[in-house]
Amino acid sequence: MKAVILGATKGIGRALARRMVERGDGLALLGRDLEDLKRSAADLAARAPQAPAAGIFRCDLEDPATFAPALTAAEEHLGGLGAVVLTAGLFATQEQLEADPERARRVLTVDFAHSVLFLEEARRRLLARGGGTLCALSSVAGERGRKPVVLYGAAKAGLTRYLEGLDARYRRAGLRVVCVKPGFVKTGMTAGLPVPPFAGEPDPVARDILRALDRGAPVVYTPGVWRWVMLVIRHLPRVVMRRVGF
Amino acid sequence: VTRPPTLSGWGRLAVPGRELRSEDLPALAATASLTRGLGRSYGDSSLPAPGHDRVAASPLADRILAFDPESGLLRAEAGLSLAEMNRLLLPRGWFTPVTPGTQLVTLGGIVAADVHGKNHHVAGTFGRHVRSLVVRLAPRGDHPGSIVRCSRDELLDLFRATLGGMGLTGHVLEVEVQLEHVPSPWIWAESDRYPALEPLLSALRAASREWPMTVAWVDALASGRKRGRGIVHRGRWAEPREAPARPPAPARRVAVPFEAPSWLLNRPAVALANALLWRRHPARGRRGVATPESFFYPLDAVHYWNRLYGRRGFTQYQCVLPDPGAEEATLRFFDVLERATTRGPAPFLCVIKDCGGEGEGLLSFPRPGLSVALDLPADPGIQDVVDALNETVIAAGGRIYLAKDAFTRPEHFRSLELRLPEFERIRRRYDPEGYLASAQSVRLGLTPPGGPHFSEDP
């Protein structure tokens, strides 16, 4: 598979990139810090010397002007394009976002508007090639309006709906859309937060995502138990949601 | 109501505090007074000092930055685990030059403890094979600590103090180490059992004259004429013609799913388990190929085996009794152990290793002699037992291993660690304001209690 990953230097994206190079996939890594990208490319090269060397290209989710040039360069490096994966995003707690409107603006913009714009850019390129896989990390936070994730969850809910719409509109044209809904995963993004039950580690989550990429599964909950947790939460009545803390 | 978070070492003795993880270890380390790896040190070396609410944790900073398949030189971020190194590099013919008894440790933790292994008598500690380190120093005033490289050529004092320095000289960010080329990914292992301590020790010494890897397991609860009976293990990397053509399959693992009741590992149960281990070993000995996992990391096969000790937790006591006279000192040590634990905690999993030369690390543990390690449940009498053992070790001129320690008193530590003044001099040079601290360093009087606090948000 020839794949572009935006967000492969950290967390789930890093674990996913490792699994992909270890099985021989060609990768282009997109990110905002070239030094950091270099270190990740070195890591991948040391882990899988037989895999094609990963290309690195500057792309900043806060700056949509970087999307098209990065994707063009990545496509050129790979000599093709089978999948585009977006694992980058911003997170802040509800308390932090309520206290800081500028931070809220950044999180809402990056996690929804700019994520969608990046995926649109990728969608056009995949469709121009007759199809491919488009994958983004949404979140279980987008499943239901909940006290601790009102703003972050709203952005992720928007992203989830966008991916659902793409699947409806372009599946026949050959676009396989994969919406990943991770539960709580112990990465740098969630460091310092109280760890809830069913928290996952990056590598098993990456394994689930890779399986979904290969199959073109439209929705994947990971760790898998979150499918059932969210099934319950989606069906809780409003009066309960007003009372509970999660 | 949520209880305040607690953190513990492998011995499960908890203190208030939490760990923060990040891929960006340099930034994270600037917000903490200590960095820990995977928390496999038994005592309080990886725990925050009283009043410090957090430690930085390195396991997400785990990238390999360079690996030369010709020379075996590896440079990586400090959070890379030995398990991952082995998974990736052993099939390619490269292994860590020195391994502790678990692979669930990080490079940074290995350096901080300057670990030794079954090959100490030939390979020394891990530090001997380290080329250079990248370290984040303690902050000074308003300046976050600077990031420096140290090696045998630059900042030698910092390099030597950081090897075995338990994270108290700075946050280890990167490690460059020379790996060992192995002829096959299999071990040729042999073992024989001996009915008492004296023949066991002489067999261990004899084995080390011919074998690169040796260790002895001792039934620490056998008494009378059987006291100190045990098994001597010796091994070397198998030659390709002896080894199976296929690489070893990853070991299957089981987990202890929850905390066992504290009475589970009681004296009769431990005595029975030890006796079974001894009896099940064939009298004529064992010879054959083994996987590195079963040879080096037998306990890794049981996830969370530390839960077997129950809520009370446990400690490991490890000391080295110096040559010449290590054998006599070990016999005396077992006398004291038997008297001190007749009613108190029953020692389990006793391991003896003959050590080679002292390492370059200023607080590096091993020195020529015999190292004795044993697990002791943290029963009410544990402090008295550790005190009695420490006094025996002081009398013998030996020392203890900080990566295991949870109960040593500061006054005992000063007598056990004669190199301490030099270490403290270098520490003051690089951390004049005394920012860096651990629960252990405060307990042992290496750093004053109190210490600075860090802001809530990194």
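At 60% relative accessibility, A:R215 counts as exposed (exposed is over 50% relative accessible area, buried is under 20%, and partly exposed is in between, with a 1.4 Å probe and protein chains only). This is a predicted model, where local features need pLDDT of at least 70, side-chain atom pairs count only at pLDDT 80 or more, and totals for chains, interfaces and linings use all residues. Residues are numbered from 1 along each chain as its sequence is written, chains are lettered from A and ligands numbered from 1 in the order in which they are written, and side-chain values use heavy atoms, with hydrogens and water left out.

A:R215 sits in helix α7 of chain A, which covers residues 202-215.

Now over to chain B. You'll find 13 helices and 22 strands there (DSSP runs numbered from the N terminus: H or I of at least four residues for helices, E of at least two for strands). Its C-alpha atoms fill a box of roughly 65 × 55 × 50 Å along the principal axes.

What about burial? Of the 458 residues of chain B, 60% count as buried. As for contacts (heavy atoms within 4.5 Å), take those in chain B between residues at least 6 apart in sequence: 74% join residues at least 24 apart.
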